[in-house]
Structures are given as structure tokens and as C-alpha cells.
Amino acid sequence: MASFTDQISQFNPYIQQLPVDAMVKVGMYKQEKYDQGVQKIQGQIDNIAGMDVANDADKQYLQSKLNELGSRLKTVAAGDFSNNQLVNSVGGMATQIVKDPTVQNAVSSTAWYRKQAAEMEKAISEGKSSVANIDDFNEQANAWLSSTKAGQKFNGRYTPYRDVNKKVMEAIKTLHPKLRDVEIPFVIENGVINQKKLAQVMQENKIEGVTEGQISTAISAVLDPDDLNQLGINGKYQFKNVSSEQLAGIAKKDYDTQVKYAASQIEFLRGQKKLVLGDPNKSQEVDDRIAYYEKQLGSVDKPGTLTEEFDADLKSINDNPNAVKASLYKKGFVSQYANAFSWQNEEVKYKDSPYEKVRQWKEEQKLKWTTENRQSAQDAISNQFRQKELDLKTMEVALKKSELYGDGDKMPWEYLGDPTTQTNQAIPMMLDYIDGLDSELGGLKNQMKDSGYTNSEVEQAISDYRINGSKATQVPAKLLGTVQDYLKKEAYATSIKQKNDQIKNASVKEIISTPDMKALETMGVNMKTANGGTFKLTGAQLLRDLQEGKAKLSIDEAVLGKIRLDYTDPTTGKPFQIELAKRAGGADIAGGKLIRPLLNEVSKQYNSYSKKVEDKYQENLAPIVKDFIPRIKAVVGAKDGSPPPMALSNLSAMITSRSLQNLAADGNFDTGTASSFLSGENRKDTKVFIHNAGNSYEVWLKNEKDPKNIQKMKLTPAMVNTVFGAGYVDNKTEDSMRLGLGRGNTNVTGDATKSIMQKQFGDFPGINRLQVTADLDSDVSDPNLFIPMINVRKKDGRYQNFIIAGKDQKQRFGYEQGLSTLNGLTDDSLLAILKQSYPNFDFSTLDY
């Protein structure tokens, strides 16, 4: 048995079997991830709970979603939040609340509400608001805030206050009083004019004033949509607590008052008209005022504007009371100003009757006439001698000027190319003409910039006048004429481009209408689409798509080659490709027997299509661009036929001053060479020619010592006139082009806004109320005579065309005479002509 004396056994040291340190680190890491997961989830919940939501229903909805989230979190409370998958899953629950459309509407609407409320508070603090505008916003906001349905969108806004009263007063201040002189040469008995008895002295009434109609028209013209909205806000506030029955009563009272006032004014004005029957202008003025009130009252067949407005108000009282309040307030607003600021002064004077003076004057003229006849005979003899002396001096000056500057009418134009070549160049000539118009527009802009204005200022002036016409405020006085010229040229260039496109499109239609092309309409294949549907591919549609670059078709030249079509599925927009053998046989694609002849025929027609269209386009253009055929004329002035010295000096100075600019007409042009041709001894060997095609001009310099080295320079028509004087620029080219494209009419497209004469071009200086454009239309029997055509804008924005051919339809004018006659019209004279020519037309539809 063992005893304490036994020897004790020796054991090896104990070695730990588990990685305790690593396990501690893992545990700490897990705890850190756990804490981060809990913190992330709590942060998301806090963010959602802290969302700014103003509407109570929205708050309750958001709280219900948070409660729902809390309930779902309880099921995972004991989970391992160090697990990213679990954290992301819980985070997804929170994200669903954020993405909820109802919650998003609540948050965005609250943000918008806060923004609008802040703008209102700012306006209040700056003293720029009004109780009506504040009430308007609060009414919108309260309707949303009190809504019991969650997720309602708030679109209301605070409307900044506009001082409409100030704007209206400024408009009234600008009105000019009308002055009427009424002369009564007859006896007035008991207040009644006896037109059968002449008075020994004549009564003269001077009546000056501003009418209600003037003020009402001015107010209506000056108020923009924002002003009208402010009046609506004011009206809604003023009638805020008014019931529907009370509102109807107010509308009826307002209607009765305006009807009574209009009837009294008509009665008064009819009495005034008797005093001005002898003066058409004054009589027309009274008629206009009567028509203004008669339009308000209407007739048996047609209700007046007052009745129409009253009926509309009654119909809207229950459905849209705010609109009625706005309408009543606006009418009362305009009426209040019209009645308060209209005025009239009348002054009565007596003076000698002119009829006795006329009799005495006739007797005096008989005596003067006898004396004048004797003096006229003596003066006629003296004038004959003076005229002959003047004619001789004029001829001397003309000869001297011709020697120095040249005479453009002395040499004829020589046309270049045969008729066939000229026809084949129709398209390039048209495109060159369009480029020339664009160059002229650029030249006008440069002209304005050269006078000291920046490109931005020039563009602003053009844009302002294009939109606002005579009311433009951004056009300097010195640029006005050039801006008008630019807009006229721009409108013409636009018309030419549109007409060119019409001719080209018509040419395409002509080719498509040929039998071969028409046959493609009947050829078609039902194609299956990627989404299982079908669409019909016709030959005509494929041809158009190829022409427009929407499809690509290729056929191998080899007999056993392939046919390939790259196309786009019209139902899905996805591209697809068809490839099949040129010849059927063996394996074939589905529908190959139908697709193959279709693609072969389309390919055949397409190869000749472009050429046919171009030829037809060229053919249709040729008669129109006949005035663009290139031509050349020599510049001569001296007796020996050499170029005039002043023209050479002007041209040399222009080359020197503009040497850095692009004058070159071709790659051979050299500034030094051109200058040398015009210098020293070379002058006598240099010939100068003007080359013209449409509105494009070039100067050609040919020196006999180097005849093949012709120097060609581009010049604008204005530059040609400056250097060489008159006779080289055809100012009728543009007019001729207009008449050609317009089939005898100066309007190329038939659009009234593209007429040759417009107010914004500086035409019609005497017309201020009517919005007018005009053209000339040539007589078929005599193309040199023209019929005026006037377009007057109506209240609906469209233009009414009036042909002015006289009572017998035979009134005609020469071209320049027609333009001059139209420019001499005034508002009154034009209306008189139109009313005489169109007695049955309703002129109340015109905008004036």
C-alpha cells in the first residue's frame, strides 16, 4: 500500500485547450456590432418620429405606422442585432414608412405650407401684404389643416399683394381728353334746332372730356392676369360672409344700376349726335360711344354683355361663389374708376356766320381771277426760259458724275449659262438666295453693333420689338429703323424658307403618287413583334423610313447573296434585323416568300427615289428662281470705257479697311493682289465687273497683264451701292420673288403675320388702334396692277381679310402706288372704307 514514504510522481504542466483571449475579443466585437445595430435601428425610428407633419390626420396616420412598427419589433427584440441581415431587415420596415405615399405627401405638403407661411410673414413684416391676401392663404391652409383624410396634398400658396389701384391710376393719367367742336349755324327755337333757318350768328360748343368707355378700355388693357387674380382675392375677402341669396341680390342690384346708366347715356348721346351730323369724324365718335353702351344692353335677338355677365353670375353662385365674388368686385372696381374719373366740360361761344363771308369771298375772287390770268401768262414765258437753263445744268452734272462714279444703266446685264444649265441649277440658286438673306440679316445686326451696341443689346432690341411692337421699351431710338428693317427681312426670309419646304414636300408627294410608288402602298407583310404582337410592314412606310434614316436595307450583288434589313419594332421601340437569301430555296425564314419581293421592290424604287425627287424639286423651282440666273455687268464711266476713278478709289479703300474680314468669294482671292490691281499703272489695265445671282453680289477684278488671275470679292447690295452707285443692284428682286412664290400675291405663305406690310416694320404710321397687316394681289388680266388686301386682327386673335377693290370691284393700283396708298390710311379712314365695302360685317368683332 502506498505510504507517505513513497516517491511522488512528476506530471507535465497543464496546457489550456480553449482560446480564451480570442473568444473574449470575439465576444467584445459581437457586443460592439450588437450595440451598433440597435443604435442604427433606434436612429431610423427617431428620424421617422421626428418628421415635421402639420395636419392632425397625417400625424395620427404616422403614429399608427410607428405603433405598427413597434409591434413588429417586439417579435425580434431577442434577436441578434449584431447580424447585419437582421438589422437591414428591421431597417427595411422603417424605410417602408418613409416611402409610404401618404407619409411623403404629409411631409412635402407640410414643407410647402411652412414655406408659403414664411413668405406671408415676410411680406407682413415688410408691410407688403394686405388682409385680403392673408385671409386668402389662411383659408387655403385651414381647409388642408382641418382635413380628416390623411395624405391630402397641399397646393395652396400665398399670393404677394399687388397695388392694382396705383397701376390703374397711372393708366388713367396717360389718357388724353377728346376735344369736340360743335358748330350750329341754324336757329335754335325752344331748345330745338331748326335746320331750315340760318342764324345771323353761329353758336359754337366746345366739349372736352374723358369718357367712361375710354377709362374702362384703358383699365382692361393695363390689367394683366396677376392683377385680375388680386382683384379676385379682394372680391372674395369683401364678400367673405355673404350668403348665396345675398350674393344674388348684390348681383341683381349691380346689374340694374349698370343697365339704367347705359340707357341714360344712349339717350344723352343721341341728342348730341344731332349737333354733329355735318361732320363724319365727330358723328362717328358719338356713334362709337353709343355702340359701346348698346353692346352692354344688347337687343331683342342678342342679349347684351351686362345680361350675359349677370346670367353667368347667377349660374355660378352655388357652384363657384368665389368666381362670382371676383366678377362682381372687378365690375364694381372698373365702374367705380370709370364714373369717378370721367369728366366733361362744355363751353358755348357765338361768332359770325361763315355763310355771309362765303358770298363776299366769291365776289372778291372774281376780281382776283381776272388779274391772276394776266400775270400767269407772263410768268409762264419766264418759267420756260428758266427750265431750259436748269435742264442744261442738270445734264452737265450728270455727265461729270458718270465720268467719276460710273453709270450703272449704261451697260446691259449678260446672263451666264444656257437654259438647261440654268434649270439644273435651280436648287443651288434657291439655297444661295436663302443664304444671301441670312447674310443680309447678319449684316443688319453688324450694322447695329458697329454703332456701339453689344450683341446682347442688339438681340434684346430685336426680341423686344418683335414681341411688343411700338410698345417696346428696349429699343434705342437710333436703332428703331434698322430693327424694323431686320424684322421685315426676317419675316420675308422665314416665308421663303417655308415656301421652299412646301415646294420640296410637294415634289416628294408627286413622286410618291406615281404608279410605281403607289404600288408600294398595296405591298405589305404582317411581322411578328418581340412581345408576341404583330404589325404590318408596308412598302410605302419602309420607303419613307429609309429616306428618313430610320431603317437600313442592303442587298448583296452576288446572285446567291443576302438581303438584310435593320428596322425598329414600332410596338416596342427595339431594333431587330431580318436576313434572308436573295433567292428562295432550301431553308427559308418564316414569311420569306412575302418579305423577299417586298424588300426587292423597295430597294429598286429607293435607288431611283432620291434622284426622282431631286429632279422634280428642281423642275418645280426653276420657274420661280428665274430671277436668280447668274449675270454679269461691266463697270464703265470714263470716255475710253475704263472703270470710273471714284469707283476704283472707293473699292480700294474698302479692301484696305476691310482686309481682315472675309471678302473672299473663292480660294483664289488675295487682298494684296486685289489692291495691286487698283494701284498705280495697273489701274489702266484693270476691268471691273459686277456678278449677280439673286440677292448675292460679287465684284470681279480682271487685269489684262494676268487675265486668268481674277479676284472675286463678296459685297452686300448696300456695299455695291456705296462703291458704284445706282444701276447695279436690282431692288425689285425681292418683290419679284415674293410675287412669284405667292402666285401674284406679296404674301408668300398666306399667313397674315407674314404680310409685306406690318406695323412692326414701320408701316401704317396713321393707324394706332387697329392691328393691321396688308398685301397686294396682282390682277390676272394685267400683272402690273394690284388689288390691296388688308388683314385686321379680331378680338379672338385671328385676322379677318378684307379685299379693297371699290364698289364696282375694278379699283386697281400700281405696285408702289398701292404700298403708298395703304401707308396713308388712318384708323378712321380705314374703318370708313371697310364699312362702305362690307356693310354686313360685324365690326364689333375687331380688336380696337
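Accessible areas are computed here with the Shrake-Rupley method and a 1.4 Å probe, and for residues only the protein chains shown count as cover. On that basis, the protein chain exposes about 50,400 Å², of which carbon and sulfur atoms supply 52%.

The structure is a predicted model, in which local features need pLDDT of at least 70 and side-chain atom pairs count only at pLDDT 80 or more, whereas totals for chains, interfaces and linings use all residues. Residues are numbered from 1 along each chain as its sequence is written, and side-chain values use heavy atoms, with hydrogens and water left out.

## Overall organisation

The protein chain contains 26 helices and 17 strands. These elements are DSSP runs, numbered from the N terminus: helices are H or I runs of at least four residues, and strands are E runs of at least two. Of the 848 residues in the protein chain, 36% count as buried. Buried means under 20% relative accessible area, exposed means over 50%, and partly exposed lies in between (1.4 Å probe, protein chains only). Contact means heavy atoms within 4.5 Å. Among contacts between residues at least 6 apart in sequence, 66% join residues at least 24 apart.

## The largest nonpolar core

A nonpolar core is a set of buried Ala, Val, Leu, Ile, Met, Phe, Trp, Tyr and Cys residues joined through side-chain atoms within 4.5 Å. The largest such core has 33 residues, and those with the most contacts inside it are Met430, Val483, Leu487, Ile496, Leu621, Met737 and Leu741. At least two residues of this core come from each of α15 (426-450), α16 (455-468), α17 (480-512), α20 (592-621) and α24 (733-741). The greatest contribution is that of α15, with ten residues.

Lys445 is found in helix α15 and counts as buried, at 19% relative accessibility. Leaving out residues up to four places away in sequence, Lys445 touches Val458, Glu459, Ile462 and Tyr486. Thr482 belongs to helix α17 and is also buried, with a relative accessible area of 15%. With residues up to four places away in sequence again not counted, Thr482 touches Leu444, Gln447 and Met448.

## Cavities

A cavity is a set of points, on a 1 Å grid over the protein atoms alone, where a 1.4 Å probe fits but cannot get out; its lining residues have an atom within 4 Å of a point. Grid points are joined across faces, edges and corners, and a volume is the space filled by probe spheres set on the points. The structure holds two cavities of 30 Å³ or more.

| Cavity | Volume | Lining residues |
|---|---|---|
| Largest | about 40 Å³ | Ile512, Met517, Leu520, Ala540, Leu543 and Arg544 |

For the second largest cavity, α9 (244-273) and α11 (305-316) are the elements that give two or more residues to the lining. Its largest share, three residues, comes from α9. For the largest cavity, α18 (515-522) and α19 (539-547) each supply at least two lining residues, and α19 gives the most, with three.

The linings may also be described by residue class: Ala, Val, Leu, Ile, Met, Phe, Trp, Tyr, Cys and Pro count as nonpolar, Asp, Glu, Lys and Arg as charged, and the others, Gly among them, as polar. The lining of the largest cavity has five nonpolar, no polar and one charged residues. In the second largest cavity, the lining has two nonpolar, one polar and three charged residues.

## Residues with positive phi

Most residues other than glycine have a negative phi. Arg743 has a phi near 55 degrees, a positive value in a residue other than glycine. This arginine lies in the loop between α24 and β14 (757-758) and is exposed, with a relative accessible area of 77%. Phe764 likewise has a positive phi, near 55 degrees. Phe764 is placed in the loop between β14 and β15 (772-778) and is buried, with a relative accessible area of 1%.

## Tyr799 in strand β17

Tyr799 is found in strand β17 (residues 799-803) and counts as partly exposed, at 29% relative accessibility. Leaving aside neighbours within four places in sequence, Tyr799 is in contact with Ala752, Thr753, Gln771, Thr773, Asn791, Val792 and Arg793. Tyr799 and Ala752 are 47 residues apart in sequence and 6.8 Å apart in space, C-alpha to C-alpha.

Methods
On a 1 Å grid over the protein atoms alone, a cavity is a set of points where a 1.4 Å probe fits but cannot get out, and a pocket is an open set with protein on both sides within 12 Å along at least five of seven lines; lining residues have an atom within 4 Å of a point.
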